[in-house]
Amino acid sequence: MFPIQDSVPSRSVPVVTRALILINVVVFFFELRLSRESIIQLFYLFGVVPARFTDPEWAASIGFPIGSYWSLLTHQFLHGGWLHIVANMWTLWIFGDNVEDRMGPLRFIIFYLVCGV
């Protein structure tokens, strides 16, 4: 029922796919070590908080950097729990190698980040 692997072998080593999985897992384990208050701060600062973009006065009063759109990239590496990271990394592991193989590493990383935005 759940896919374990795909039937299309890769022609090259999926370096970007493996690096993305490693980065996501390292960030997740970093999240696990934080206190509840620190996690809330981390998610507010690096996650997407829509009010940050729609209400700049509120964002300034909370202490968000004004005019910073980095969270549109950094939120892609935050995960809310074990099921979230396992499901995302499992899917990336199964399908990412073939997409990277077809697109090439540079186009794949650009595709990954743009799709996340």
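Select Asp-101 to begin; this residue is found in helix α6. Helices here are DSSP runs of H or I with at least four residues, strands are E runs of at least two, and both are numbered from the N terminus. The model is predicted, so local features need pLDDT of at least 70 and side-chain atom pairs count only at pLDDT 80 or more, while totals for chains, interfaces and linings use all residues. Residues are numbered from 1 along each chain as its sequence is written, and side-chain values use heavy atoms, with hydrogens and water left out.

Asp-101 is buried because its relative accessible area is 17%. Buried means under 20% relative accessible area, exposed means over 50%, and partly exposed lies in between (1.4 Å probe, protein chains only). Now show what surrounds this residue. Not counting residues up to four places away in sequence, Asp-101 touches Pro-9, Ser-10, Arg-11 and Ser-12. A contact means heavy atoms within 4.5 Å. Next, draw a distance to Glu-31. Asp-101 and Glu-31 are 31 Å apart, C-alpha to C-alpha, and 70 residues apart in sequence.

**Along α6 to Trp-93**

Stay in helix α6 and pick Trp-93. With 47% relative accessibility, Trp-93 counts as partly exposed. Leaving aside neighbours within four places in sequence, Trp-93 is in contact with Arg-18 and Ile-21.

**Into the loop**

Select His-79, in the loop between α5 (71-74) and α6. Is His-79 buried or exposed? At 3% relative accessibility, His-79 counts as buried. Show side chains here. His-79 and Asn-88 are joined by a side-chain polar contact of 3.3 Å. A polar contact is a pair of N or O atoms within 3.5 Å; within protein, one must be able to donate a hydrogen and the other to accept it, and residues adjacent in sequence count only if both atoms are side-chain atoms. Beyond neighbours within four places in sequence, the contacts of His-79 include Asn-24, Phe-28, Glu-31 and Phe-43.

**Where α6 meets α7**

Colour α6 (residues 82-103) and α7 (residues 105-116). Their axes come within 7 Å and cross at roughly 125°. Axes are lines fitted to C-alpha atoms, for helices over the stretch in contact, and angles run from 0 to 180 degrees between N-to-C directions. The two helices α6 and α7 are therefore oblique to each other. Angles under 35 degrees count as roughly parallel, over 145 as roughly antiparallel, 65 to 115 as roughly perpendicular and the rest as oblique. Leu-92, Gly-96, Val-99, Glu-100 and Met-103 in α6 meet Pro-105, Arg-107, Phe-108, Phe-111 and Tyr-112 in α7.

**Where α1 meets α7**

The axes of α1 and α7 come within 10 Å and cross at roughly 40°. This pair, α1 and α7, is therefore oblique too. Val-16, Thr-17, Leu-20 and Asn-24 in α1 meet Pro-105, Phe-108, Ile-109 and Tyr-112 in α7.

**Zoom out**

Show the whole chain. The protein has seven helices and zero strands. Its C-alpha trace spans about 50 × 30 × 25 Å along the principal axes. Of the 117 residues, 27% are buried.
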